[in-house]
Amino acid sequence: MNALAARRRHPAAIAILIMLGLFLTGAVYTVIAPKDADATTQSLSAQSVEEGQALFRANCASCHGLNAEGRATGNGDKKAGPALAGVGAAAVDFQVGTGRMPLAGPMVQAPSGEVKFTDDQIAALGAYIASLAPGPEVPSDEAVDPLKGDPARGGELFRVNCAMCHNFAGAGGALTRGKYAPAIDDVTSKHIYEAMLTGPQSMPVFGDTNLTPESKRDVIAFLTTIDEQESPGGLKLGSLGPVSEGLFAWVFGLGILVGAAVWLGSKSA
Amino acid sequence: MSTDTTPRPADTLREGDTPAQAPPSAAVRTIGGVAGWVDDRTGAAKPVGYLMKKVFPDHWSFMLGEIAMYSMIVCLLTGAFLTFWFVPSAGHVVYDGSYVPLRGVSMSEAYASTLDISFDIKGGLIIRQIHHWAALMFIVALSVHMFRVFFTGAFRKPREINWVIGSVLALLAIIEGFAGYSLPDDLLSGTGLRAMEGFVQTAPVIGSYLAFAIFGGPFPGEMIIPRLYSVHILLIPAILIGLFTAHIGLVFVQKHTQFPGPGRTNENVVGYPVMPVYAAKAGGFFFIVFGIIAMMSALVQINPIWGYGPYDPSPVTAGSQPDWYMGFADGALRLLPGWLEVSAFGFTLSLNIALGALVLLPLVYTVLGAYPFVERWVTGDNREHHLLDRPRNAPTRTGLGMAAITAYSVFWFAAGNDIMAIKLGLSINDITWFFRIGLFVLPPLMFWVTKRICLSLQRRDRDTVLHGRETGTIVRTPDGRFFERHETTTELTPEQWVLVQHEAVAPIEIEAAVDENGVARKAKRSERARARLSRFYFADAVNPVTPAELAAAHHHGAEHEAIEAAPAGESAELESGEPAGRH
Amino acid sequence: MNEQDTTHPGSEVASTPEHGTAVRLDQGHVVGDGGLPERFTNPGLPEHVARMADLDEAAARRAEKQVATLFAISIIGTLAFIVCYFAISLETTIFVPGIGETSASNFALGVSLALGLLGIGFGAVHWAKTLMPDEEVVEERHPLRATDESRERVVEELRVGGGSSQITRRPMIKYTLGGALGLFAVPLVLQVAGSLGPMPQNSLSQTFWNGGPSGPGQDPTFVPLRLMRDPENTPIKAEDVTIGSVFHVMPQGLLPDPVTGDGGTPNLLEEAAKAAVLLMRLDEDLIQSQKQRDWGYHGIIAYSKICTHVGCPVGLYEQQTHHLLCPCHQSTFDVTQDAKVIFGPAKRPLPQLQITVDDEGYLVSAAPFQEAVGPSFWERG
């Protein structure tokens with residue numbers, strides 16, 4: 001018999017066959033499966049309320065209503081999507097720009113994720129929503145420039161207003177019933193500003209009458225500084241505090257020390 | 001002695017002479033001189049000689065207490081260093097050091113000096129991190145050491161005193177740690193102090209007075225930092241050092257226990273002497289422990305107080321937990337429901353807080369410290385025990401220990417419920433309810449599972465002995481049956497000794513209800529309780545194989561797998577010339 | 001002898017004197033010991049197995065070289081520490097794979113110190129394992145108990161000594177000694193316990209919102225105080241508070257100027273620990289309690305931020321559910337139901353602060369807290 005047949009009873013044979021079968025099935029499926037409908041239009045060269053409206057109707061109206069008036073689910077007063085008049089271009093820039101919107105399905109909280117639109121498309125959507133009613137605008141670059149802010153003052157503001165939800169290092173924290181305040185170490189300055197300004201989901205609204213634009217910039221300066229500074233003492237273990245330190249001590253600290261003890265007590269060759 | 005190669009007749013006269021020794025070197029003479037000087041004045045040669053000959057058995061699990069001890073020494077050493085730079089004062093100061101995000105911020109001197117240690121003093125951060133990691137490893141190691149001592153029954157007579165000392169050491173260690181990490185006066189530890197003040201305040205009748213006494217006034221006050229400092233560098237270390245010296249001294253005097261094995265009895269210690277083996281191993285292990293802690297401190301950050309910010313009663317960070325060893329008390333505070341607080345006639349009794357914070361800690365350590373005496377009362381065993389139990393041979397004790405660890409762990413993990421919620425994507429409300437119910441369900445379940453596992457392992461040990469050694473030789477009888485030849489003798493191999501060395505146990509019987517004169521005697525309630533507990537401990541005991549049982553099994557085996565009286569030749573073809581050992 | 005011509009105790013049929021009355025076990029179980037001991041005996045120490053370094057001089061020299069190398073690593077580590085201490089400045093950072101950007105000084109000093117220590121440790125242990133004698137030594141235990149003579153001697157000494165002190169014959173001495181010794185520590189305990197801290201008096205039931213400093217013995221008179229942003233220390237107008245926002249508030253006069261640090265009350269942290277307040281705005285229709293509406297101002301409501309469990313600041317405001325969550329032990333308060341506890345270990349709702357506006361439109365307190373803020377205590381009432 002040939003070499004392949006001679007190995008037909010090899011223990012790996014069945015594993016290889018299964019893998020081949022899976023690959024084949026996957027490849028066939030990929031070829032013949034229907035593609036998702038592509039609802040994005042072509043990239044725009046200028047902000048356009050009409051383009052924004054078209055995008056809105058194609059991607060957002062199923063939850064937010066054809067004219068952004070909001071849509072109820074029919075289940076009590078639960079909403080599929082709230083009315084968007086007055087949320088402003090800043091909210092659109094934040095929600096769509098961090099990939100939270102369009103929301104894939106009903107869930108406890110919209111997580112940040114893959115951004116589904118180009119910057120121009122986001123701007124167009126924002127222009128459309130801003131046209132419905134006045135609301136917070138996308139901040140200028142100067143307003144969110146960390147170099148212009150005071151990180152020490154920003155730290156004081158952060159600890160009073162933000163750390164209780166987002167943790168002292170911005171590593172995130174738990175809210176009730178499965179909601180959470182996300183980690184903010186990987187968020188652009190613009191999006192941080194917009195989140196404070198618009199108060200997405202469970203986050204309170206920190207309007208300009210609560211935290212002035214300068215205060216917001218100070219917070220951004222603080223977050224940028226601690227991000228750059230990383231960890232003087234070594235591995236951060238997620239900046240989660242004593243819980244992760246204790247876990248490390250029990251698993252690695254004790255593990256290594258017990259390993260040394262076992263080696264010490266064992267007979268030499 | 002002679003270096004000549006050609007033997008000469010007179011050489012035989014020198015056989016049996018003791019060889020001349022080389023004269024001692026200068027170094028040895030100096031040391032000898034100093035030692036003699038000291039001994040002239042103290043008589044130290046006798047105890048030093050005694051200690052150098054002490055024998056210590058070799059098992060890695062006996063090193064756990066050493067890990068704890070060495071970690072404590074590292075803490076003492078690095079702690080002494082830190083006292084040269086730390087300022088234990090709550091006085092206000094405006095920060096002006098190298099850490100930019102806190103420049104210009106108002107804070108206490110304690111916090112500012114800790115920032116200086118971390119950023120403006122060479123080697124300050126590494127010493128601080130070594131101190132904190134060593135503290136964590138101290139308590140981890142003493143806990144695992146405690147488990148080892150418990151599960152092997154090393155707390156039995158004559159070591160009950162050492163167990164009680166150990167329980168007190170454990171309690172003091174966690175209080176010491178709490179005081180230590182609260183000293184920098186950062187937001188996280190300050191929040192912990194706030195919680196402490198809150199639960200002290202709820203103590204019935206005296207709560208508010210007690211809180212004001214501890215803090216020297218309203219919270220936070222300026223006294224708590226200096227007071228914690230005295231507790232942390234003076235009071236508790238003094239007691240810790242005294243107690244652990246007694247702890248080690250007792251180990252020397254009573255000699256270390258040992259695991260059962262060939263040659264090891266209750267009346268001896270088998271191992272290696274301090275000089276030179278244990279001096280090298282134990283001394284070397286100190287450097288290993290210190291070195292590993294130093295490596296951890298070089299690579300892994302701990303307690304980044306600069307991130308938390310100075311303590312202020314208004315801000316707070318998500319994920320506010322104490323260090324791991326206080327977690328069980330914090331978890332208890334999260335799990336106890338609010339309806340336990342009752343108020344009447346203008347007085348409020350917060351059982352939801354008092355039970356978790358004021359009662360739980362002393363209760364845990366009291367139960368811990370009392371266990372050896374309870375077990376002795378139940379078993380009625382007053383003999384000295386120097387041979388350790390294999391945990392499977394004490395199934396009820398092992399089960400109780402695992403149940404206790406489970407209950408502790410429920411509280412402990414509950415303190416991390418918000419971290420678990422965000423890392424596992426769960427709801428903290430669900431996690432809290434899981435632990436609330438788990439506290440009552442999981443420990444009994446764990447007791448039962450552990451006990452069953454122990455009994456099964458004991459039965460397997462019995463089978464291993466009775467069953468004999470599988471030789472791997474398959475024999476086929478003329479009528480087509482296959483069986484494997486097992487080799488037993490009524491003598492055990494040394495490996496099997498461990499499986500049969502433990503003692504048989506049985507529940508205590510209450511003395512007869514009727515004594516020899518026919519007078520009825522009512523058993524006291526405590527006797528009945530004792531008998532009930534004894535039954536709980538020993539009713540389903542699996543006892544070790546005795547020689548009689550082995551012989552019986554041997555003989556029964558002869559029937560079950562009897563080879564017919566086949567000609568020795570036929571069965572011999574399948575063997576490789578082994579003697580006809582019966583299975 | 002049995003059929004197979006092998007000899008096994010217990011299998012003989014005939015009874016022989018040295019084996020007792022043994023019977024064949026297939027004839028039923030008869031209790032007897034068959035001449036066997038009750039328990040197995042200890043087989044004794046196993047034979048010593050020599051190590052390679054014991055047998056082979058080349059292996060021993062190899063072990064020696066290994067130990068020496070480890071000690072040399074320690075020396076190098078220590079020298080590296082000394083060099084790094086002087087050479088590396090505190091501001092330098094270094095990129096370490098797996099860790100990121102970290103302090104070069106901490107990393108270098110720590111690793112070199114660790115090597116300096118581990119080299120000695122591993123070297124010494126390896127030396128003990130390979131070259132030092134590894135034959136097991138047996139030390140006999142003796143009963144720990146002192147001899148009866150020692151015990152009797154002690155008893156006798158105590159008896160004689162105690163007797164010669166005449167304490168048993170002098171009851172007056174005995175009783176007054178007991179009293180004196182029992183009491184002598186009281187002054188020490190009293191000094192410490194009594195002087196550790198002041199009596200709380202009324203301070204747990206009052207806050208800065210009562211009109212000013214509220215420590216033990218201080219009894220402020222009520223004046224309306226403006227609600228100030230924490231930490232900016234700026235007053236808040238009613239229209240500044242929008243629906244969905246949360247303000248962290250301190251009373252006017254408590255916080256110092258954030259830039260100069262001047263002003264502010266003495267005992268700043270002690271007052272802040274009781275006076276911290278959260279300000280939110282709700283749609284008035286959502287507010288279920290009339291008292292809550294009345295004490296607020298057009299849906300703007302103020303509650304104590306100090307958790308009624310053990311006192312952590314209840315900072316987490318969930319804008320959409322109107323829940324306040326305390327991060328310490330997860331007590332959850334429902335703002336639409338007058339901050340009632342809906343989950344967690346707290347019992348009492350957060351106290352509400354009655355607010356209104358002054359003639360310039362700034363929010364001010366209309367009355368102090370009507371109950372003690374923060375954790376419960378026995379005499380809370």
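**Entry 1: a sheet in chain C.** I looked up the partner of C:L227 in this predicted model, and the residue bridged to it in β5(C) is C:P251. Strand β5 of chain C covers residues 246-251, and it pairs with β4(C) in the antiparallel sense over 3 bridges; I note that two strands pair if DSSP finds at least two bridges between them, and that helices (H or I, at least four residues) and strands (E, at least two) are DSSP runs, numbered from the N terminus. I then followed the open sheet, in which 5 strands of chain C lie in the order β4-β5-β6-β7-β12 with antiparallel pairing. At its edges stand β4 (227-229) and β12 (352-353) of chain C, each with a single partner strand, so one side of each has no neighbour in the sheet.

**Entry 2: how I read the model.** I count residues from 1 along each chain as its sequence is written, while chains are lettered from A and ligands numbered from 1 in the order in which they are written. Because the model is predicted, local features need pLDDT of at least 70 and side-chain atom pairs count only at pLDDT 80 or more, whereas totals for chains, interfaces and linings use all residues.

**Entry 3: confidence in chain B.** For pLDDT (the predictor's confidence in each residue, from 0 to 100), I found a mean of 88 in chain B, with 92% of its residues at 70 or more. Over residues 560-583 of chain B the value stays under 50, and the model has 25 contacts beyond four places in sequence for them; a contact here means that the C-beta atoms of two residues, placed from the backbone, lie within 7 Å. Where pLDDT is low, the predicted coordinates should not be read in detail.

**Entry 4: chain B against chain C.** I looked up the contact between these chains, which takes 103 residues from chain B and 92 residues from chain C. On the side of chain B that touches chain C, α11(B) gives the most, with 16 residues. Across the two chains, strand β4 (residues 268-273) of chain B pairs with strand β3 (residues 137-140) of chain C in the antiparallel sense over 4 bridges, and B:G271 has C:V137 as its bridge partner in β3(C).
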